[in-house]
Amino acid sequence: ISLYEAKKSGKGCFVFWQRSFLKDSTPERMRIESELRDAIDGNQLLMHYQPKIDAETGQVTGLEALVRWNHPRHGLIYPDSFISIAEESNIILELDRWVINAVAYQQKIWKEMGLPLMTVSVNISASHITRMELVTIFEELFQRYPFLPHCIDVELTETAIMANPDRATEVLNCLLALGVKASVDDFGSGYTSLGYLKKLNANTLKIDRSFIDGITADDYDRDVARAIIALATSMSMDVVAEGVETMEQWDLLRSFGCQYLQGYYFSRPKSAAEIAEIYLGADPL
Ligand code: C2E
Ligand code: CA
Ligand code: CA
Ligand code: CA
């Protein structure tokens, strides 16, 4: 089996790389790490964007930036295959930095094209959310792009936050002070202390896709999704359901009061050029 081959496991969760094999096989691992470094330096990474939809109107209200690796031999590789390897080495810090800059640059291009500015959500790795360097990255960026702070949302996973909640809260508060928004990603899949959730001051909860998958067939998943929406509402937070693939899921989520939706039913992640043309009203190329 090729290391780059994807394998889909039971509950909508992707497992790539033969992890046990990788752990033992240091040369193989080092090769991938070095390829990944080359990818960052050599412009092999690119961003795709997936729309966030207003559940009432069906209109696009924002975008989530998702990284891809255009590998010279293996073609397009999805992040589940390389983020964890990057996380286990310091490469993730470079990768996150690259992504943040790429998104900012894209926003600048769209602005210069006279297109409407939409908030873009950027995924921040677990290793980064306890580091003040992250704040510095954004500070420097906003000096170059003063229009940017209000068009950036950082997505931090619940698990990453709860691994070191005090530190994560500290970093996040600095980011919020710069004017960015923040979302708790994959919410419901980990354990959150509600006390921390309140202290965190994040703007949005994103319901983990595993619950949305089962929402029309499984009572438990439906109850969890409904409870998260109620929790978010009671804390005056926005709530996004990710992985919406059917109209039935849309209807149900709307009836529960979920404001925002994301998923293949509306759009797969697309290139910047496609996003500009389809959703931002740019002239066809
Ligand atoms: P995530 O942040 O939970 O992102 C959502 C993933 O679900 C994306 O996969 C997206 O393409 C996929 N998705 C969206 N709608 C649907 C749907 O309706 N059905 C199904 N089955 N899937 C859907 P993707 O792009 O492969 O990203 C996977 C994960 O990799 C992300 O999960 C995130 O944790 C990480 N990631 C992606 N981009 C970045 C990045 O730029 N930086 C960092 N640090 N991590 C990233
Ligand atoms: Ca995300
Ligand atoms: Ca997510
Ligand atoms: Ca995820």
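**Entry 1: charges over rings**

I began with arginine 268, which lies over the face of tyrosine 264, 3.8 Å from the ring centre. I count a charge as over a ring if NZ of Lys or CZ of Arg is within 6 Å of the ring centre and within 35 degrees of the ring normal. I then looked up lysine 111, whose charged end sits over the ring of phenylalanine 147, 5.2 Å from its centre.

**Entry 2: ground rules**

I am working on a predicted model, where local features need pLDDT of at least 70 and side-chain atom pairs count only at pLDDT 80 or more, while totals for chains, interfaces and linings use all residues. Residues are numbered from 1 along each chain as its sequence is written, chains are lettered from A and ligands numbered from 1 in the order in which they are written, and side-chain values use heavy atoms, with hydrogens and water left out.

**Entry 3: aromatic pairs**

I searched the whole structure and found 7 aromatic pairs. Rings of Phe, Tyr and Trp (its six-membered ring) pair if their centres lie within 6.5 Å; planes under 30 degrees apart count as stacked, over 60 as edge-to-face and the rest as tilted.

Tyrosine 145 and phenylalanine 147 have ring centres 6.2 Å apart and planes at 70 degrees, so I noted the pair as edge-to-face. Tyrosine 145 is buried, at 9% relative accessible area, and phenylalanine 147 is partly exposed at 21%. Buried means under 20% relative accessible area, exposed over 50%, and partly exposed in between (1.4 Å probe, protein chains only).

Next I took tryptophan 250 and phenylalanine 266: their ring centres are 5.0 Å apart and their planes at 70 degrees, so this pair is edge-to-face. Tryptophan 250 is in helix 11 (residues 247-255) and phenylalanine 266 in the loop between strand 11 (260-261) and strand 12 (270-271), so the pair ties together parts 16 residues apart in sequence. Helices (H or I, at least four residues) and strands (E, at least two) are DSSP runs, numbered from the N terminus. Both tryptophan 250 and phenylalanine 266 are buried. I listed Trp250, Tyr265 and Phe266 as one aromatic cluster.

**Entry 4: calcium**

Donors are N, O and S atoms within 2.8 Å of the metal (3.2 Å for Na, K and Ca); water is not among the atoms, so sites may look incomplete. Aspartate 185 coordinates both this ion (ligand 2) and the calcium ion (ligand 3), which are 3.9 Å apart.
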